[in-house]
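Hi,

Here is the structure I promised to pass on. My notes on it follow just below, so do have a look at the model as you read.

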Amino acid sequence: MTKRKERSEEQKTITSAYKFRIRFNETDPLGIVWHGNYLVYFEEGREAFGREHNLTYLDIEKEGYVVPIVKSECEHKISLKYGEYAVIETTLIPTLAAKMIFTYKIFNENNELVCTGQTVQVFVDKDGVLSLNNPEFYEKWKQKMEIF
């Protein structure tokens, strides 16, 4: 029987930061961001992460996979307002399982924590079959990034 590696506090994480401005169409009549838009900001954070670290959705698709979200969490602390700038920090959490776990922190222009969250994505091949093991391209990417 083989023993699984335990998650340690010393594991390397990879983070990307992306600055954006709150647009008028993202707010409600009070001028604050509608709560559903925070999931859109998470997606923008993942897109920026992928561009920065060479793991875009297009890269994944070229390998024959898609990565649907199977879980999302969002905790609101304070509101963002129309015209403000914000920064989303997107961090990939290392895991041995065949999935990608991202955590998010959104800060306003005063560097106050606005929102935190997490998403979990799994690998599904072009035939719609859930991958129970990490695809080879993802294992190679993790090795290159020195995650595992």
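This is a predicted model: local features need pLDDT of at least 70, side-chain atom pairs count only at pLDDT 80 or more; totals for chains, interfaces and linings use all residues.

Residues are numbered from 1 along each chain as its sequence is written, and side-chain values use heavy atoms, with hydrogens and water left out.

The C-alpha trace spans about 55 × 35 × 25 Å along its principal axes. Of the 148 residues, 41% count as buried (under 20% relative accessible area; exposed is over 50% and partly exposed is in between, with a 1.4 Å probe and protein chains only). Taking contacts (heavy atoms within 4.5 Å) between residues at least 6 apart in sequence, 68% join residues at least 24 apart.

Five strands make an open sheet in the order 1-4-5-6-3, with antiparallel pairing; two strands pair if DSSP finds at least two bridges between them. Strand 1 and strand 3 (69-76) are the edges, each pairing on one side only. From one strand to the next, the twist averages 15 degrees. Strand 3 is joined to strand 6 by seven bridges in the antiparallel sense, and E75 has T116 in strand 6 as its bridge partner. Helix 1 packs on this sheet and touches strand 1, strand 3, strand 4, strand 5 and strand 6; its direction makes about 125 degrees with that of strand 1. For such angles, axes are lines fitted to C-alpha atoms (for helices over the stretch in contact), and values run from 0 to 180 degrees between N-to-C directions.

**The core**

Which residues touch the most other members of the largest nonpolar core? Of its 28 residues, they are Y41, L80, M100, I106 and W141. A nonpolar core here is a set of buried Ala, Val, Leu, Ile, Met, Phe, Trp, Tyr and Cys residues joined through side-chain atoms within 4.5 Å. At least two residues of this core come from each of strand 1 (14-21), helix 1, strand 4, strand 5, strand 6 (113-122) and helix 3.

L80 has contacts with Y38, Y41, A86, I106 and V114, among others. A86, in strand 4 (residues 85-93), is buried at a relative accessible area of 1%. Residues touching A86 include Y18, F20, L80, I106 and F107. The C-alpha atoms of A86 and V114 are separated by 9.0 Å, though these residues are 28 apart along the chain.

**Aromatic rings**

There are 12 aromatic pairs; rings of Phe, Tyr and Trp (its six-membered ring) pair if their centres lie within 6.5 Å, and planes under 30 degrees apart count as stacked, over 60 as edge-to-face and the rest as tilted. Y38 and Y41 are edge-to-face, because their ring planes stand at 80 degrees, with centres 5.7 Å apart. These two tyrosines are three residues apart in helix 1 (residues 37-53), so about one helical turn separates them. Y38 is buried at 3% relative accessibility, and Y41 is buried at 0%.

F42 and Y104 give a stacked pair, with centres 4.2 Å apart and planes at 5 degrees. This pair links distant parts of the chain, from F42 in helix 1 to Y104 in strand 5 (residues 99-108), 62 residues apart. F42 is buried with a relative accessible area of 0%, and Y104 is buried at 2%.

One aromatic cluster is formed by F49, Y65, F102, F123, F137, Y138 and W141. Elsewhere, the charged end of K19 sits over the ring of Y85, 4.8 Å from its centre (the test is NZ of Lys or CZ of Arg within 6 Å of the ring centre and within 35 degrees of the ring normal).

**Two loop residues**

E26, in the loop between strand 1 and helix 1, is buried with a relative accessible area of 5%. Its contacts include R21, W34, N37 and Y41. L130 lies in the loop between strand 7 (124-125) and helix 3 (136-144) and is partly exposed at 46% relative accessibility. L130 touches V122, F123 and V124, leaving out residues up to four places away in sequence.

Best wishes

How values were computed. Helices (H or I, at least four residues) and strands (E, at least two) are DSSP runs, numbered from the N terminus.
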